[in-house]
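Reader: Could you please take me through this structure? I am new to reading helix packing.

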Amino acid sequence: MSLLFVILGYVSCILRSLLVLVCIEPWTNPHVNGDTPPSTYEAWYDEQSVRDAIRGVDDWAVTDRHPRYDWQVLRTMKKDLERCRRLGDERGLCSQLRAQSSRNMCRVLSPALYRRSHIQTKKLIHDYIQEVQQCIRYLGERNGVTNGAASVVPAQERRQVIVDMRTTLGRTSLVLQGGAMISMSHLGVVKALYKQQLLPRIITGTSSGALIAAHICVTKDEDLLGVLEVTHINLDAFLRSQNNHSASGASSWLQSSFFTTMQRRYRRYRTSHHVFDIDVLKECTRENLGDVTFEEAYHKTGRILNITIAMSEVTGTPQLLNYLTAPHVLVRSAVVASIATSKAMYAPVQLLCKDPAGAIVMYFAADFSEKDHDHRKSTVHPEAPLTRIGELFNVNHFIVSQTRPYIAPFIQLQKVADRYEPLGLLVRFTLSELRHWLEVLNRFNMLPTFLQRVLMDEVVPTMASWSKVSITSQIGLLDLFRTFDTPTPVKLQYWSARGEKCTWPYICELKVRCDIELELDAAYTSLRRRGGMGSTIRHRADP
């Protein structure tokens, strides 16, 4: 009988949470009364500041105590770092910094600490991050002269502390997933991160997300905003294709561009067994990316581009392409190969590379021959691409911009449900079970290729819950009908604005996650430019 009451209690809590979520939550959302939403991060930040003041979040933030993180230990560590820095105790400072070996030190990344506000968490956490940054700058800028009785630490040892911290802390990769036209919101995600100086130097692209990743990694910083604001993106290939079809007299029986496009794609599938015209995509990538290889892109911008392609292991082609695994492969051909993974959607494509003389030649066919059909079914991704990135570049933290229309809604549901503990537990359990059964079906080769690829793309090389943060936008039912729209500047700006706005609530948490890493990167780069690395061994993948 007592067990029955417990079950009824849980059911009652879940029903109350659903009632709050469905009936009350929409009224707490701003702009439901027709107010104009903010168009810039600064305006949105000011609006959130007013809301925090009204809801009493400011008082909550200045109070160190909270059961979800070790606030007493964190406060002690901050005071020790500050004392060593102010006294000039370099030996003690080096010892203290070596202990800062995790992003989740004292559980500062607990999700409960970021649910009260979108723009702030506990002030102690912000102060701790700033103190660690100041200590790193202090060590990197010291010239070997010390005052008073503090210990003198050799310059090489201080540099080694920065290198060791950078190695143990790990690095961050921005992952841009596929989603056809919806994935153009990656432009806004990258724009928001770039303006807040949070854009990682390692960027990974999958399917249509590979096109955005390639744009970012082949464009220098001075021209990057032009790409992110769509002004420097060339869409003439799609315009020429539309004009050719218009000149040929193609029209729909409803005189609608949507039905015209559907009719044209249906005729193409009847004649060539492919829905989309791969030649238009090839022209678009050639006009925007040129004949740049992965190695040339890295030397040009300092960013590490990774593109994943779904190919069988027997073809001998690496499934993760970057300047280490495929340095001479043309970026534009890798983008097309990553997008054209389905034979029903696109015609077979080929990877291209530059030979020693600079001529463009075929690398490997990004397709499966009939004799390899059995291999294709047995292994699409023998190794998860994110795991491989972790091995090559010491990446243990991933910022995932998720735009797949069949994945993003579940992630958004989980984030909303987590705000109500019983409901969040139930949703998390249900999604975990669903993923488990998909993995079981995958082992028996009962899943289509795109679902196999999704399962592998979502695998991160660490079991830590804080190792991945997913940025998703609200994808509605009408967005599904826009998935395969023809790209235009207006549509790209629309999706870019949506991606930028959905990134703003994550800025506070991302600063806690990435500020120390970025400070270490700046100190490391400064030491290299000054020629102060001494005998320190540098990995080839270091930017």
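Reader: Is the crossing of H8 and H22 left-handed or right-handed?
Author: The crossing of H8 and H22 is right-handed, meaning that the near helix is turned clockwise from the far one by less than a right angle. Please note that this is a predicted model, in which local features need pLDDT of at least 70, side-chain atom pairs count only at pLDDT 80 or more, and totals for chains, interfaces and linings use all residues. Residues are numbered from 1 along each chain as its sequence is written, and side-chain values use heavy atoms, with hydrogens and water left out.

Reader: At what angle do the axes of H8 and H22 cross?
Author: They cross at roughly 50°, and the axes come within 6 Å. Axes here are lines fitted to C-alpha atoms, for helices over the stretch in contact, with angles from 0 to 180 degrees between N-to-C directions. H8 and H22 are therefore oblique to each other; angles under 35 degrees count as roughly parallel, over 145 as roughly antiparallel, 65 to 115 as roughly perpendicular and the rest as oblique.

Reader: Which residues of H8 and H22 meet?
Author: From H8 there are Leu-187, Gly-188, Val-189, Lys-191, Ala-192, Leu-193 and Lys-195, and from H22 there are Leu-492, Ser-496, Gly-499, Glu-500 and Thr-503. Contact means heavy atoms within 4.5 Å. By class, the residues of this contact are 5 nonpolar, 4 polar and 3 charged.

Reader: Which residues are buried in H10?
Author: In H10 (residues 221-228), the buried residues are Leu-224, Gly-226, Val-227 and Leu-228, where buried means under 20% relative accessible area with a 1.4 Å probe, protein chains only. Their cover includes H8 (186-195), H9 (208-218) and H22 (489-503). Just after H10, Val-230 has a positive phi of about 75°.

Reader: A change of topic: how are H5 and H7 packed?
Author: H5 (residues 90-98) and H7 (residues 155-169) pack at an angle of about 15°, and their axes are 10 Å apart. That makes H5 roughly parallel to H7. The contact joins Glu-90, Arg-91, Cys-94, Leu-97 and Arg-98 of H5 to Glu-157, Arg-158, Gln-160, Val-161, Asp-164 and Met-165 of H7. By class, this contact of H5 with H7 has 4 nonpolar, 1 polar and 6 charged residues.

Reader: Finally, how many helices and strands are in the protein chain?
Author: There are 23 helices and 8 strands; these are DSSP runs, with helices (H or I) of at least four residues and strands (E) of at least two. Of the 543 residues in the protein chain, 49% are buried.

Note on methods:
Nonpolar A, V, L, I, M, F, W, Y, C, P; charged D, E, K, R; others polar. Buried < 20%, exposed > 50% of the residue type's maximum accessible area, 1.4 Å probe, protein only.
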